[in-house]
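User: Please work through the packing of this structure with me, one question at a time.

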Amino acid sequence: GIDHAFTYGYWMNCLERGEVERVLLGFYGTLAYGVSRDTWAGVECTHMTTGQNQRTLPHLRSGTQQLRLLRNMLVREEGDRLILAQAAPQHWLADGKQVAVLDAPTRFGKVSYTIDSHAERGRIAVSLDPPARRPPEAIVLHLRHPDGAKIEGVSVDGRPAKRFGGGAVVLEGLVRPAKIEVRYR
């Protein structure tokens, strides 16, 4: 059988190393093997050849690990940094699509963000409401263009930002809601 719940630590290590494609493979793999076919409940162990898993339904730890992985793909803390959308699948950022995270609890306080893709016009817009209780030193916002285009420029509330590259924008000292526009070439 396959017991995906014990792979959570590995996927978190992959996130910390920036190995997003491995994380996405793990995430979708846990959805394929880690939920029942009829109820979509988390299971502990799925028989590899038959897909049978009734004896382990429902399995709270397995379902929790899937949710923890999804949470960390979209919102994760690393030291004094808050990392957003690091492993958001690129097809979630296709033109016209939106990704929203609302009032997600973090050790810095609640964070909300909405990503609106205008990828065909070479830009992605983000509305970000950063944590107010204890602002992080930096917020790292990952915006991997669906077609792999590189970031050309970034503005925060209409002012140019200088710290970006590798599909990410680094925002330091952000304590108020902000509008971020990322332009691609």
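This is a predicted model: local features need pLDDT of at least 70, side-chain atom pairs count only at pLDDT 80 or more; totals for chains, interfaces and linings use all residues.

User: How are the rings of Tyr-10 and Trp-11 arranged, in terms of centres and planes?

Analyst: The ring centres of Tyr-10 and Trp-11 lie 4.8 Å apart. Planes over 60 degrees apart count as edge-to-face. The planes of Tyr-10 and Trp-11 stand at 65°, so this pair is edge-to-face.

User: Is Trp-11 buried or exposed?

Analyst: A residue is buried when its relative accessible area is under 20%. Trp-11 has a relative accessible area of 12%, so Trp-11 is buried.

User: What is the geometry of the pair formed by Phe-27 and Tyr-28?

Analyst: Phe-27 is buried, with a relative accessible area of 7%, while Tyr-28 is partly exposed at 34% relative accessibility. The centres of their rings are 5.2 Å apart. Their planes meet at 65°, so the pair is edge-to-face.

User: Which elements do the buried residues of α1 pack against?

Analyst: Helix α1 spans residues 8-16, and its buried residues are Tyr-8, Trp-11, Met-12, Cys-14 and Leu-15. These residues cover an arc of only 155° around the axis, which puts them on the same side of α1. The elements that they pack against are α2 (20-33), α3 (60-74) and β1 (75-78).

User: Which residue just after α1 takes a positive phi?

Analyst: The position in question directly follows α1, and its phi is about 75°. The residue is Gly-18.

User: Which strands stand at the edges of the six-stranded open sheet?

Analyst: The strand order is β3-β4-β5-β11-β7-β8, with antiparallel pairing. Each edge strand has a single partner strand, so one side of each is left without a neighbour in the sheet. The edge strands are β3 and β8 (159-161).

User: Which residue of β8 is the bridge partner of Ser-155?

Analyst: β7 and β8 pair in the antiparallel sense over three bridges. In β8, the bridge partner of Ser-155 is Pro-160.

User: Which residue of β10 stands opposite Leu-141?

Analyst: β6 and β10 run antiparallel and are joined by five bridges. Strand β9 (residues 164-165) also runs antiparallel to β10, joined by two bridges, and Phe-164 stands opposite Val-169. The residue opposite Leu-141 is likewise Val-169.

User: Why is β10 described as largely enclosed by the rest of the structure?

Analyst: The reasoning rests on residues that are buried, which means under 20% relative accessible area. β10 has five residues and is largely enclosed because the number of them that are buried is four.

Key:
Residues are numbered from 1 along each chain as its sequence is written. Side-chain values use heavy atoms; hydrogens and water are left out. Buried means under 20% relative accessible area, exposed over 50%, partly exposed in between (1.4 Å probe, protein chains only). The arc is that of the directions from the helix axis to the C-beta atoms. Contact means heavy atoms within 4.5 Å. Two strands pair if DSSP finds at least two bridges between them. Rings of Phe, Tyr and Trp (its six-membered ring) pair if their centres lie within 6.5 Å; planes under 30 degrees apart count as stacked, over 60 as edge-to-face and the rest as tilted.
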